[in-house]
Amino acid sequence: MRPITICLMNQKGGCGKSSTCFHLAGQFAQAGDRVLLVDADPQGSLSQGFFGSTLVECLEPQETLAALFLDDAFLAPEALCARTPLENVASVRSNQHLAPHNTPCPQTTGLRQFALRTCLDRLPDFDLVLIDCPPNLYQCSWNALVAADFVIIPVPPEDFGTQGLRPVQQAIEGARLLNPRLSLLGHLVTRSDGRLLVHRTYEQNLRRLYGPTVLQTVVPEASAFKVSLACRQPVSHYAPRSKAAFVMRRLAQEIVARIEGSNREEKIA
Ligand SMILES: Nc1ncnc2c1ncn2[C@@H]1O[C@H](COP(=O)(O)OP(=O)(O)OP(=O)(O)O)[C@@H](O)[C@H]1O
Ligand SMILES: [Mg+2]
């Protein structure tokens, strides 16, 4: 069985893409799924989540996602998958070596657009692949769209957070020409502070604008996410009784329900 591949994408920086990947991976792994985290961001935040910045910054290009874009690299995809301290979670890591390959106008780069997809197609032993994208729509995000089945767009309920969603939508539509199976799983409201009127209002606006594509689960701003990350563990493992862990469980359930719903629709069609 092919794994389900989901990328988290938004041009907006700091909206919780890496954090959501990290904590969701823990949640799915705890439920018994074999998860591959793909860090497609030259910032390497997701990789640092498990391995720390010193180790990640010292990785050679051949040990990271950059290997996919090196002309002379002999590529053994399974060798790129590093075990993490968490059972059931492996990671393809990234660091600064990916930056020169994250070029604009990826649509003009021929087979490079399929680099990640080709790599993932050769890795059968996972149930779920989560791809963390950088805050732009260049080559790395484009490769993620070409490789993925679904996109989640994390959106903080604020003015700057909700800007720039149209280019993301356009990129998804463009990538469908190369990857017809790609679909939007949903917008995910992140970093929400329910005490703030401005957050409640923007969430309502999002739901009015995008209707049911906005996931019901809202990820709150919560210190448990930060503290767990600082301790190099997802909330599911570090603080399983916290509200943050409860929210991640609910989010994982909603994601699974949406995927099952979309598979049913496909079969009917
Ligand atoms: N729900 C949350 N509650 C508290 N802190 C959060 C939450 N989501 C993210 N953060 C924190 O905010 C910071 C930015 O989050 P994160 O790195 O996940 O964003 P990002 O979208 O991946 O950013 P970038 O675009 O730079 O890749 C991190 O320090 C992270 O721990
Ligand atoms: Mg990030």
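How much accessible surface does the protein chain have, and what share of it belongs to carbon and sulfur atoms? The accessible surface comes to about 12500 Å², and 55% of it belongs to carbon and sulfur atoms; areas here come from the Shrake-Rupley method with a 1.4 Å probe, and for residues only the protein chains shown count as cover. Please keep in mind that this is a predicted model, in which local features need pLDDT of at least 70 and side-chain atom pairs count only at pLDDT 80 or more, while totals for chains, interfaces and linings use all residues. Residues are numbered from 1 along each chain as its sequence is written, chains are lettered from A and ligands numbered from 1 in the order in which they are written, and side-chain values use heavy atoms, with hydrogens and water left out.

**View 1. The whole protein chain.** Twelve helices and seven strands make up the secondary structure; helices (H or I, at least four residues) and strands (E, at least two) are DSSP runs numbered from the N terminus. The C-alpha trace spans about 55 × 40 × 35 Å along its principal axes. Of the 269 residues, 52% are buried, meaning under 20% relative accessible area (1.4 Å probe, protein chains only). Among contacts (heavy atoms within 4.5 Å) between residues at least 6 apart in sequence, 79% join residues at least 24 apart.

**View 2. The shell around ligand 1.** Here you can find 19 residues around ligand 1, of which K17, S18, S19, R191 and P220 come nearest; a residue is near if one of its heavy atoms lies within 4 Å. The shell divides into seven nonpolar, six polar and six charged residues. In this grouping, Ala, Val, Leu, Ile, Met, Phe, Trp, Tyr, Cys and Pro are nonpolar, Asp, Glu, Lys and Arg charged, and the others, Gly among them, polar. Helix 1 (17-30) and helix 10 (223-230) each supply at least two residues of this shell.

**View 3. Polar contacts to ligand 1.** Look for pairs of N or O atoms within 3.5 Å. A polar side-chain atom of K17 is 2.7 Å from an oxygen atom of ligand 1, and one of S18 is 2.8 Å from a ligand oxygen atom. G16 takes part through a polar backbone atom, 3.0 Å from an oxygen atom of the ligand. On its own, ligand 1 has 620 Å² of accessible area, and the protein covers 83% of this.

**View 4. E203 and its neighbours.** E203 belongs to helix 9 (residues 197-210). This residue counts as buried because its relative accessibility is 19%. Leaving aside residues up to four places away in sequence, E203 touches P157, V189, S192 and V218.

How values were computed: Polar contact = N/O pair within 3.5 Å; in protein donor to acceptor, adjacent residues only side chain to side chain. Buried < 20%, exposed > 50% of the residue type's maximum accessible area, 1.4 Å probe, protein only.
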